[in-house]
Amino acid sequence: MNTALDRAAVDVLLANWTGAYTVPSRALYPHQWSWDSAFVAIGLRHVSARRAQRELESLFGAQWADGRVPHIVFDPAAAPEGYFPGPDFWRSTDHPASPAIATSGLVQPPVHALAAWLTFRADPAQARRRGFLPRLYPRLVAWHRYLATRRGVDDLVAIVHPWESGMDNSPAWDAALCRVEPTPAHGFRRRDLLHVQAAERPTDTDYGRYVRLAGDYRDSGYADRLADAQFVLLDPMVNALYAASESALADIAAEIGADPRPHREAAERTGAALVARLFADGFCHAYDVHERRLDRQRTVAGLTPLVVADLPVAPALVKSALGDHFRLGRTALPPSYDLTGPAFDPDRYWRGPGWFNTTWLVWHGLTRHGELDHAGRLRDATLTAARQAGFREYLHPLTGEGRGATDFSWTAAVVLDLLRTAP
Ligand code: 9WN
C-alpha cells in the first residue's frame, strides 16, 4: 500500500516540476513560492538530489540584493492573469535591489537552510561534486542577515503581512488586521475563487486587508520601517524555523570549512527569546509588537517550536499538543487552529483545517525531542489521511475530507519524506 502512495507522490512532484522548480499547484499557484520550494526539496531529495538542489537554487536565483528571498518568483511565461496579485501589482523590477525576474516583495518562513542541509544529506558525494553548499551558503547567510537586521526585534524576527507567516488567515492575525482599512473588493480581481470554493478560502474582507497592507509596503519602497508599518507581529513558527535554520547553517558551515559558532549562538539566542517572549500557559503564541500584547489564541504555529533543538519547554508543548485543543494523534491531521477556539472553522484555510507541512514540522520536532511514539502515531495518521484524501492542499481535520487544491506539491513532498525516512 505504501508503494502505491509513494509512486503517486512522486508522480505529483514530477507533474508539477517546470524544469527548474516545482509549482505548488498547476491551477491555483502557477509560479514558484518560497517556503513551498523548501518543503518540496525535502521530499524531492528522495527522487533526485540534484533536482532538489536545483529547486532551492532557482529560488535563491531570485534573491534581492538586500538579501530578501521573495515569497513568489513569477514565471515570465505564465499568463499574467493566472494569479492575483501578479507582477503588475508588486512592481518589483522598479526597485533597485530586485533581480531582473519579477517577484513579490514579501517573504515567507525561513525553512530554507534546514531544507538545504537535509537535501545535502540525501547524497553528500554528489552535492560536494556540484559545489551545492559552498554556492548556497553565502546566499542563505544573506537571507538570514536580512531577517535579523531589517526585521529584527530583540533577537526575534517580525513579519509585516499575514502572507509572510504562510498561515494567511490564521485567527492569530484577526486583532491586528481589524485596524487595517480594507481595499474595497471592486478595487481588485481575485483569481483563487476560480479554482477553490469560497467557503474554503479567505473572505473578501481578508483579501481587501491583504491588498491594502501589501500595497502600502510596496509604496514605501519595501523599506521595512517597522515603526511606521501597520502590521508588525512576532510569529512562533517563523522564529522557530529561523532558529532551526540557524542550527542547520552551523552544520552547513562546519561541512564547508566556515565558522559554525555564530550560527550556533544565533540559534540559541532566538530559541531563548522565543521562550521568553512567546511562551505562556504551556503554549507559544503570536506577539503584536505595536500593541505589546500576546494573542492568547492557539494555532498550530505554537507547536512548531518543537523543531528547535533542546527547547526547554518541549515537554509542555507536547502536553498541549495531546490535550483537547489539538488532540494529537486522534484527528485526521493536527488542526491549524484550536479545536475548542471561538474562531474554529474546519473548512476555511488556516482557521481549522489540517495541513501537511505544519504536520511534518510537528512530526520533525517530536522526533528531534525523542518523542518517537507520538511521532510514529502522527506519521501513521498522516499517511492514512493522504491515502484517503489524496494530495490535497488541506483537509477537514476531523473527518479527513480533502479541501483546497488537488495534487498539491508540498503535500506529496512531505508524505514522500515520511515514507522514505521514517522507520
Ligand atoms: C499567498 C502557495 C501558498 C503557500 C501559503 C498559502 C497560500 C498564497 C495564496 O499558498 O498563500 O502567498 O494565494 O493564498 O497560505 O502558505 O505558500 O502554496
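In this predicted model, helix H2 meets helix H5 through Ser-34, Trp-35, Ala-38, Ala-41 and Ile-42 on the H2 side, and through His-112, Ala-115, Leu-118 and Thr-119 on the H5 side. Sorted by class, the contact of H2 with H5 consists of six nonpolar and three polar residues, with no charged residues. H2 covers residues 34-44 and H5 covers residues 112-122, and the two pack at an angle of about 20° with their axes 9 Å apart. Because angles under 35 degrees count as roughly parallel, H2 and H5 are described as roughly parallel to each other. The crossing in which H2 passes H5 is left-handed.

Two further helix pairs can be described in the same terms, since two packed helices are described by the angle between their axes and the distance between the axes.

| Helix pair | Angle between axes | Distance between axes |
|---|---|---|
| H2 and H5 | about 20° | 9 Å |
| H10 and H11 | about 165° | 8 Å |
| H13 and H15 | roughly 30° | within 8 Å |

Helix H10 spans residues 236-256 and helix H11 spans residues 261-278. With an angle over 145 degrees counting as roughly antiparallel, H10 and H11 are therefore roughly antiparallel to each other, and their crossing is left-handed. Among the residues that make this contact are Tyr-242, Glu-246 and Leu-249 of H10, together with Arg-264, Thr-270 and Leu-274 of H11. By class, the contact of H10 with H11 holds 11 nonpolar, five polar and three charged residues.

Helix H13, residues 356-368, has an axis that comes within 8 Å of the axis of H15 and crosses it at roughly 30°, which makes H13 roughly parallel to H15. H13 passes H15 in a left-handed crossing. On the H13 side the contact is made by Phe-356, Asn-357, Trp-360 and Trp-363, while the residues of H15 include Trp-410, Val-414 and Leu-418. This contact of H13 with H15 has seven nonpolar, three polar and one charged residues.

Aromatic rings give another view of the fold. A search of the whole structure finds 28 aromatic pairs. In one of them, the rings of Tyr-29 and Trp-33 have their centres 5.2 Å apart and their planes at 65°, so the pair is edge-to-face. Tyr-29 and Trp-33 are both buried. Phe-39 and Trp-410 also form an edge-to-face pair, with 5.7 Å from centre to centre and 65° between the planes. Since Phe-39 lies in helix H2 and Trp-410 in helix H15, which runs over residues 409-421, this pair ties together parts that are 371 residues apart in sequence. Phe-39 and Trp-410 are both buried.

Finally, two residues in loops can be considered. His-396 sits in the loop between strand S11 (394-395) and strand S12 (402-403). Is His-396 buried or exposed? Its relative accessible area is 12%, so His-396 is buried. Leaving aside residues up to four places away in sequence, His-396 touches Ala-332, Pro-346, Asp-347, Glu-401 and Arg-403. Pro-96, by contrast, is found in the loop between helix H4 (87-90) and H5, and at 78% relative accessibility Pro-96 counts as exposed. Along the chain Pro-96 and Asp-66 are 30 residues apart, and their C-alpha atoms are separated by 9.7 Å.

Conventions:
Residues are numbered from 1 along each chain as its sequence is written. This is a predicted model: local features need pLDDT of at least 70, side-chain atom pairs count only at pLDDT 80 or more; totals for chains, interfaces and linings use all residues. Side-chain values use heavy atoms; hydrogens and water are left out. Axes are lines fitted to C-alpha atoms, for helices over the stretch in contact, and angles run from 0 to 180 degrees between N-to-C directions. Helices (H or I, at least four residues) and strands (E, at least two) are DSSP runs, numbered from the N terminus. Angles under 35 degrees count as roughly parallel, over 145 as roughly antiparallel, 65 to 115 as roughly perpendicular and the rest as oblique. A crossing is left-handed if the near helix is turned anticlockwise from the far one by less than a right angle, and right-handed if clockwise. Contact means heavy atoms within 4.5 Å. Ala, Val, Leu, Ile, Met, Phe, Trp, Tyr, Cys and Pro count as nonpolar, Asp, Glu, Lys and Arg as charged, and the others, Gly among them, as polar. Rings of Phe, Tyr and Trp (its six-membered ring) pair if their centres lie within 6.5 Å; planes under 30 degrees apart count as stacked, over 60 as edge-to-face and the rest as tilted. Buried means under 20% relative accessible area, exposed over 50%, partly exposed in between (1.4 Å probe, protein chains only).
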